[in-house]
Structures are given as structure tokens and as C-alpha cells.
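Work through the exercises below with the model open. Try each task before reading its solution.

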Amino acid sequence: MDNIKPQTQPQAQNLTDGMHIVVDALKKNDIEVVYGVCGIPVTDLARHLQEEGIRYIAFRHEQSAGNAAAITGFLTKKPGICLTVSAPGFLNGLTALANATTNGFPMIQISGSSTRSIIDLQQGDYEELDQMNIAKPFVKASYRINKPEDIAIGLARAIRAAVSGRPGGVYLDLTTALLSSIMDKDEAAKTLFKVEDPSPKVIPSCESVDKALHLLSTAKNPLIILGKGAAYAQADDDIKEFIEKTGIPFLPMSMAKGLLPDDHPQSAAAARSYVLENADVVVLLGARLNWLLAHGKGKHWNPNVRFIQLDIDPQEIDSNRPIEAPVVGDIVSSMDLMVKGLSKYNIKPQPSWMEGINQDKQKNDAKMAIKLNNNTSPMNFFNALKAVKSVLEQNKDIYLVNGGANTLDDTRNVVNIYYPRHRLDCGTWGVMGIGMGFAIGAAITTGKPVVAIEGDSAFGFSGMEIETICRFKLPITVVVFNNGGIYNGWHTNLGGGPDPSPTTLMADARYDKLIEAFGGTPYNATTPEELTKALSDGISSGKPTLINCVIDPKDGTESGHISSLNPKTILKD
Ligand code: ADP
Ligand code: TZD
Ligand code: MG
């Protein structure tokens with residue numbers, strides 16, 4: 001079976017077909033990896049990708065393949081590619097594509113689709129679905145290619161839509177008829193081209209930069225909020241220079257952690273509430289005023305705060321609050337001008353601002369130290385995270401993937417990140433299921449070791465990809481924080497029946513046994529010492545590892561740090 005030849009091999013030397021042209025067009029645009037799940041009508045396409053030297057990473061579920069593609073996009077500023085089969089495969093990938101759009105990750109989902117004439121008359125084709133139209137609300141653009149001579153142009157449109165402006169998801173539909181269509185090889189070669197400058201600079205006006213710097217010079221308590229747009233832009237040096245030259249404290253949103261190291265003296269992460277309540281001018285640097293920042297209003301914010309916002313998307317400005325000084329441009333260009341303009345302005349936070357922040361940080365750090373040092377048996381989130389933190393301090397260049405509720409929120413607060421784009425998580429939607437896809441995408445893209453800290457529920461959404469991790473022998477260590485449930489494992493069935501409660505999972509489950517089935521390394525950690533050893537051994541082995549980390553089922557708050565978003569019910573404890 002191994003030597004099976006793709007059936008679509010063109011018969012004559014001077015002919016090619018749709019599949020080969022797709023592969024050639026991807027190669028021409030330096031696409032190095034495609035993530036997907038095979039089946040009709042894209043199986044041979046995947047074989048041809050491998051034949052032509054593009055890595056094809058075969059997954060167990062399209063959503064994880066899509067998540068791998070999305071995170072590749074975030075890490076590289078090039079569209080990550082996910083390949084799916086028609087209808088159900090397409091829909092399985094669509095959640096990842098929508099998540100990419102929501103988070104601003106450039107990604108293209110390429111899907112095979114069945115016969116247009118049958119779909120359009122709803123005559124019941126194999127895997128019939130009007131995919132291109134269904135994708136539209138979830139993406140920046142949705143295209144279908146119908147003719148082989150349009151493949152290169154179709155891909156170019158998809159690439160441009162994915163990476164220009166605010167990046168996002170793009171859907172590209174390839175019909176069965178297109179994939180098997182025949183074309184003269186020389187004519188096909190003439191259609192191929194590499195997209196020129198797919199993500200053109202967006203240079204902000206000098207006036208907008210001056211206005212922003214002027215407003216900042218009037219501030220006593222300025223604050224810079226770093227968002228994942230800033231992390232994505234890769235303007236790392238200019239951002240660091242701006243922050244250090246001005247002495248303004250910064251607050252990183254979760255995927256912007258590491259843009260400057262978390263132990264930087266100007267980090268206000270441990271004084272989050274204090275800085276939001278007291279900042280008088282806030283610079284939003286590739287960050288949106290969405291729910292994660294309480295929409296910029298309410299009790300969390302200083303009512304008199306004034307905003308500067310640097311964003312590539314003009315429609316983002318004034319989305320929730322009036323923005324006094326918008327700087328619309330790409331962050332590389334904007335930060336270049338902001339740094340250059342610094343010499344014209346006297347920007348200096350008042351000394352009491354940083355002093356107040358430091359006092360608040362010390363107070364919160366002391367509270368945190370008590371939680372981290374409080375040993376319990378079984379482990380709780382914090383003493384387990386103390387072990388994780390100590391190991392990751394020895395492995396500062398690790399890529400950290402993180403999903404769950406308490407597992408997400410507590411890990412974000414405890415574990416420091418030291419390098420840009422090294423923390424990859426549930427992002428804007430708070431979506432479960434990114435875990436294994438992000439871990440695989442990060443390992444494939446960077447070639448570096450990855451640690452995934454996953455709640456037991458979060459892990460379950462993509463757990464079968466453990467086989468993919470083992471098959472590709474990836475240096476990924478997965479730690480399952482097993483507290484026996486969604487948020488915790490102590491609830492009972494309110495009806496008194498024998499069924500477990502809606503949030504209960506199996507607290508005595510041995511997730512480590514899963515990886516044994518595929519030849520990876522299992523650990524069961526019941527103490528911080530065992531966890532420390534398992535995690536450091538897993539990382540240094542460079543081999544697929546899964547640690548079942550036993551956490552007290554009584555530990556864990558409903559919805560982690562966002563309990564207040566739950567609708568009120570009289571049934572609550
Ligand atoms: P966070 O959740 O970290 O606050 P968001 O995803 O909410 O981040 O916001 C990121 C913002 O960054 C988006 O509004 C997006 O338009 C913007 N952005 C993304 N890439 C760039 C870029 N290269 N230059 C400028 N802004 C960008
Ligand atoms: N489905 C999807 C796709 N996304 C979601 N966010 C949810 C369901 C709801 N949900 C959360 O918001 S967190 C979570 C779910 C199911 C899992 C929390 O349990 P966990 O983490 O075991 O992963 P903790 O540490 O027990 O809190
Ligand atoms: Mg849990």
C-alpha cells in the first residue's frame with residue numbers, strides 16, 4: 001500500500017492537472033507546511049505536496065489541524081495552511097478558521113468540495129455543502145477556484161486577504177472538478193507567480209504620531225497595554241526601546257507576555273487592577289478594548305482616562321470608548337515613528353506612579369508567595385504551578401501553550417514568559433480545543449521544545465492528537481492539570497440521580513496512560529517534587545511526554561477568573 005501512486009498522475013508529459021498546479025502555486029509562495037486530514041477529494045493533493053517537498057502534517061481532527069495552521073500564521077506572519085475534505089471535514093476546520101479571524105491570525109483553510117451542479121440543485125452529492133457561502137461570516141474572504149488557469153490568482157487573493165491589514169482567516173474552495181482538470185503544463189507554468197509584498201506597510205500620518213506623543217507628554221500616570229497585535233507585528237526592538245526610554249510601565253495582554261520579559265522592572269502585570277484604576281493616559285499597542293479589558297469602562301478603569309491607540313485597522317478605533325489619539329498604521333511603521341519622535345517631547349511619568357505600582361506589586365507578590373508555598377495533599381493549582389514555574393525558569397526559551405479555565409488563568413499569572421510570542425493560548429474567544437493543535441504547530445514551525453499546560457477538560461478537546469505528536473516524534477510535554485472536571489470535580493447531580501454532574505469528569509483518570517499507547521513517555525505526578533522531576537525530564541528528553549498532574553477536585557473556581565460572566569441562577573451554591 002505504501003507505494004500506491006496518486007491516481008491523478010497526468011498521462012501525457014506535456015499535461016498537468018489542478019492538484020499539481022495547486023502544489024506548484026503553494027511552493028512558489030514559499031509555503032513549507034500544510035496541516036490537514038485526508039479523504040475525498042484531497043488525498044492525492046496531500047501526497048503531491050509531500051512529493052514536492054512541502055511538509056504535510058496529518059492530524060486526527062481538522063480542528064486541531066486548523067489550530068496548528070493558525071498558530072503558524074501568528075508565529076511567522078505568513079498564512080498557515082489547513083487542508084480539509086468536503087462538508088464535515090470543512091466544518092470541523094471552520095471553528096479553527098473562525099478563531100483565527102477573531103484573533104487576527106493569518107490562516108487559509110483550503111478545502112476540497114463536491115460537484116457544484118449537484119450542490120446547487122441540492123441533489124444529494126457525497127459530502128454536499130455550499131462551503132464557500134457558509135464560510136463567509138467567519139472569514140476575511142471566501143473564494144472558490146473553478147478553472148485551473150485561475151489557481152495561482154486564487155491563491156494570491158487568499159494570501160493577500162489573510163496577511164494584509166488586520167490578519168485573519170480565509171477560505172479557499174477547490175472543487176473536485178478543478179482538482180482533476182487538465183491543463184497544458186507550459187501554459188500552467190506561465191500562470192504561476194509569487195505574491196509581491198503581500199502585507200504592505202501601513203504608514204501612519206506624522207500628525208497622528210505627533211498628537212499621540214503630545215498627549216503622552218501631558219500624562220502623569222501613563223500606561224502602555226501590549227496586545228497580541230504588537231506581538232504579531234514583530235516590532236520587538238522598537239517597542240522595548242520606546243518603553244525603556246520613556247520609563248512608562250507596561251501591562252501585557254496574555255499573548256503579548258514576553259514581548260518584554262515578565263520580570264522587567266517596568267512590568268505592571270502584578271499590579272493590573274491598580275494601573276487600570278489609576279492610569280490617566282493609556283496607550284493601546286495592538287490591543288483591543290474588548291471584554292478582556294472590560295471594554296475600557298466601568299469600575300475597573302479610571303473614569304478620566306484618555307486613550308492613544310495604535311492599530312492597523314481604522315474600524316477598531318472608537319469601538320468601545322472614544323479614542324483621543326488614534327495612530328492607524330502597522331506597528332512596525334508606527335513604532336519606528338514613535339521612537340524617532342521621542343526626542344521632540346518630554347515624556348516622563350511622575351515618580352510616585354512607579355513607586356505606587358511597585359508597592360502594589362510587592363503586596364500582590366507577597367500574597368502570591370503564600371499561595372505558591374502552601375503545600376497541600378493532593379496538590380492544588382498553585383503549589384503545582386510553583387513546580388511548573390521553577391522548571392520553566394530553567395527553560396526560558398520554551399514555547400508555552402495553555403488552555404482551561406483555572407489552569408489558564410492561574411498559569412498566566414504564575415508562569416513568567418521571557419521571549420516574544422512564546423505564550424500561546426485560548427485568546428480572544430476563550431476557546432477550548434487549541435491545545436494540541438497549537439503545540440504541534442509551534443513545534444513544527446519553530447523546531448523548539450513546547451510545554452502545554454492543559455486543564456483536564458481543555459485537553460479532552462484535542463487529546464487524540466497525542467498520536468500525531470508521537471507519530472511525528474515532536475518535543476512536546478503535555479501537563480494535564482487533572483482536577484476531575486470543568487472548573488473542578490466536586491459537584492453532584494442536583495436531581496440526585498446516578499449520572500455525574502454536568503461539570504464532572506473522572507478525577508481518577510490516568511491521562512498518562514494515553515501516551516503509553518503510542519510509545520511516548522508517561523508520568524503520573526501526585527506531589528510538586530514528582531511534577532518537577534517529570535516536567536524537567538520530559539523537556540530534556542525532547543520526546544513526546546504526558547504528565548497526569550493530580551490536582552484536588554475541590555480546587556478550582558467556577559469559570560476561573562471570569563465567574564462574573566455567568567448568568568445568575570438561584571441554583572448557584
Ligand atoms: P489582545 O487580546 O492581546 O488585547 P487583540 O487580538 O484584542 O489583542 O488585538 C490585537 C489588535 O492588534 C487588533 O485590533 C489588530 O487589528 C491589531 N493588529 C494586528 N496586527 C497588527 C499590526 N501588524 N500592526 C498594527 N496593529 C495590528
Ligand atoms: N467549549 C468551547 C469550544 N470553549 C469553551 N470555552 C467551553 C466549551 C466552555 N469552557 C470554558 O470556558 S473553560 C472549560 C470549558 C468547557 C474547561 C474548564 O475546565 P478545565 O480547566 O479542566 O479545562 P480547570 O482548570 O478545571 O478550570
Ligand atoms: Mg479541570
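This is a predicted model: local features need pLDDT of at least 70, side-chain atom pairs count only at pLDDT 80 or more; totals for chains, interfaces and linings use all residues.

**Exercise 1. Describe how helix 1 and helix 2 pack, and which residues make the contact.**

Step 1. Locate the elements. Helix 1 spans residues 18–28 and helix 2 spans residues 43–51.
Step 2. Take the geometry. The axes are 9 Å apart, at an angle of about 45 degrees. That angle makes helix 1 oblique to helix 2.
Step 3. Assign the hand. The crossing of the two helices is right-handed.
Step 4. List the partners. Helix 1 contributes Met-19, His-20, Val-22, Val-23 and Leu-26; helix 2 contributes Asp-44, Leu-45, His-48 and Leu-49.
Step 5. Sort them by class. Six residues in this contact are nonpolar, two are polar and one is charged.

**Exercise 2. State which residues of helix 2 are buried, and what covers them.**

Step 1. Apply the cut-off: buried means under 20% relative accessible area. In helix 2, Asp-44, Leu-45, Ala-46, His-48 and Leu-49 are buried.
Step 2. Find the cover. It includes helix 1, strand 2 (33–36), strand 3 (55–58) and strand 4 (80–84). Strand 7 (169–175) and helix 8 (176–180) also belong to the cover.
Step 3. Look past the end of the helix. Gly-53 follows helix 2 and has a positive phi, near 90 degrees.

**Exercise 3. Work out how helix 16 packs against helix 22 and against helix 15.**

Step 1. Start with helix 22 (residues 528–541). Its axis and that of helix 16 (residues 381–393) come within 9 Å and cross at roughly 35 degrees. The crossing is right-handed.
Step 2. Identify the contact. From helix 16 come Asn-383, Ala-384, Ala-387, Val-388, Ser-390, Val-391 and Leu-392. From helix 22 come Pro-528, Leu-531, Thr-532, Leu-535, Ser-536 and Ile-539. By class, nine are nonpolar, four are polar and none is charged.
Step 3. Turn to helix 15 (residues 351–373). Its axis lies 7 Å from that of helix 16, at an angle of about 95 degrees. Helix 15 is therefore roughly perpendicular to helix 16.
Step 4. Identify this contact too. Met-368, Lys-371, Leu-372 and Asn-373 of helix 15 meet Phe-382, Asn-383 and Lys-386 of helix 16. The classes are three nonpolar, two polar and two charged.

**Exercise 4. Is Val-163 buried or exposed, and which residues contact it?**

Step 1. Locate Val-163. It lies in helix 7 (residues 151–163).
Step 2. Read the accessibility. At a relative accessible area of 4%, Val-163 is buried.
Step 3. List contacts beyond four places in sequence. They are Lys-77, Lys-78, Pro-79, Pro-106, Pro-198 and Ser-199.
Step 4. Take one partner. Pro-198 is 35 residues from Val-163 along the chain, with 6.7 Å between their C-alpha atoms.

Note on methods
Residues are numbered from 1 along each chain as its sequence is written. Chains are lettered from A and ligands numbered from 1 in the order in which they are written. Side-chain values use heavy atoms; hydrogens and water are left out. Axes are lines fitted to C-alpha atoms, for helices over the stretch in contact, and angles run from 0 to 180 degrees between N-to-C directions. Helices (H or I, at least four residues) and strands (E, at least two) are DSSP runs, numbered from the N terminus. Angles under 35 degrees count as roughly parallel, over 145 as roughly antiparallel, 65 to 115 as roughly perpendicular and the rest as oblique. A crossing is left-handed if the near helix is turned anticlockwise from the far one by less than a right angle, and right-handed if clockwise. Contact means heavy atoms within 4.5 Å. Ala, Val, Leu, Ile, Met, Phe, Trp, Tyr, Cys and Pro count as nonpolar, Asp, Glu, Lys and Arg as charged, and the others, Gly among them, as polar. Buried means under 20% relative accessible area, exposed over 50%, partly exposed in between (1.4 Å probe, protein chains only).
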